[in-house]
Amino acid sequence: MSPLHLSFYSAFALSGLGLAFHRTHLVSALLCLESMMLSMFVGLTMWPIESQTPSFTTVPIIVLTFSACEASTGLAILVASTRTHGSDHLHNLNLLRC
């Protein structure tokens, strides 16, 4: 495994661990999701370069588009939950207690 692959895999794994263990605020969960999407974007950007195939060059742009949609939806949920609940703590966002 090359050092480039190791860095992308470790960035994705550390983002997943951050999402699993540090779930106190919605902002930290959104940042972990964004770093996971960023590591996927960089990995998918380097994949056609390493395999020397030009047919997969549109895949990173599609992932980047979904990442922007995910970020805007996450920020809208953050603003809505802060307005209704008063904070962005994830323990306040219980779906059974509406």
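**View 1. Lining of the largest pocket, by residue class.** The lining of the largest pocket in this predicted model has 7 nonpolar, 3 polar and 1 charged residues. Nonpolar covers Ala, Val, Leu, Ile, Met, Phe, Trp, Tyr, Cys and Pro; charged covers Asp, Glu, Lys and Arg; the others, Gly among them, are polar. The lining residues are His5, Phe8, Tyr9, Phe12, Ser39, Met40, Gly43, Leu44, Met46, Trp47 and Glu50. Helix 1 (3-21) and helix 2 (26-51) are the elements that each give two or more residues to this lining. Helix 2 supplies the largest share, 7 residues. Helices are DSSP runs (H or I, at least four residues), strands likewise (E, at least two), numbered from the N terminus.

The pocket holds about 230 Å³ of space. A pocket is an open set of points on a 1 Å grid over the protein atoms alone, where a 1.4 Å probe fits, with protein on both sides within 12 Å along at least five of seven lines; lining residues have an atom within 4 Å of a point. Points are joined across faces, edges and corners, and the volume is the space filled by probe spheres set on them.

View 2. An unreviewed UniProt entry places "transmembrane region" at residues 6-22, 29-49 and 61-80. UniProt positions follow the numbering used here, feature names are shortened, and annotations may be inferred rather than shown by experiment. Residues 29-49 are 100% helix and 0% strand, with end C-alpha atoms 31 Å apart. Residues 61-80 are also 100% helix and 0% strand; their end C-alpha atoms lie 29 Å apart.

**View 3. Cysteines.** The disulfide count is 0, taking a disulfide as a pair of cysteine sulfur atoms within 2.5 Å. Cys32 is buried, at 15% relative accessible area. Cys69 is partly exposed, at 43%. Buried means under 20%, exposed over 50%, partly exposed in between (1.4 Å probe, protein chains only).

**View 4. Phe56 in its loop.** Phe56 sits in the loop between helix 2 and helix 3 (59-85). Phe56 is partly exposed, at 34% relative accessible area. Not counting residues up to four places away in sequence, Phe56 touches Trp47 and Pro48; contact means heavy atoms within 4.5 Å.

**View 5. Ser87 after helix 3.** Ser87 lies in the segment following helix 3. Ser87 is buried, at 18% relative accessibility. Beyond four places in sequence, Ser87 touches Ser81, Thr82 and Asn92.

**Notes.** Residues are numbered from 1 along each chain as its sequence is written. In this predicted model, local features need pLDDT of at least 70 and side-chain atom pairs count only at pLDDT 80 or more, while totals for chains, interfaces and linings use all residues; side-chain values use heavy atoms, with hydrogens and water left out.
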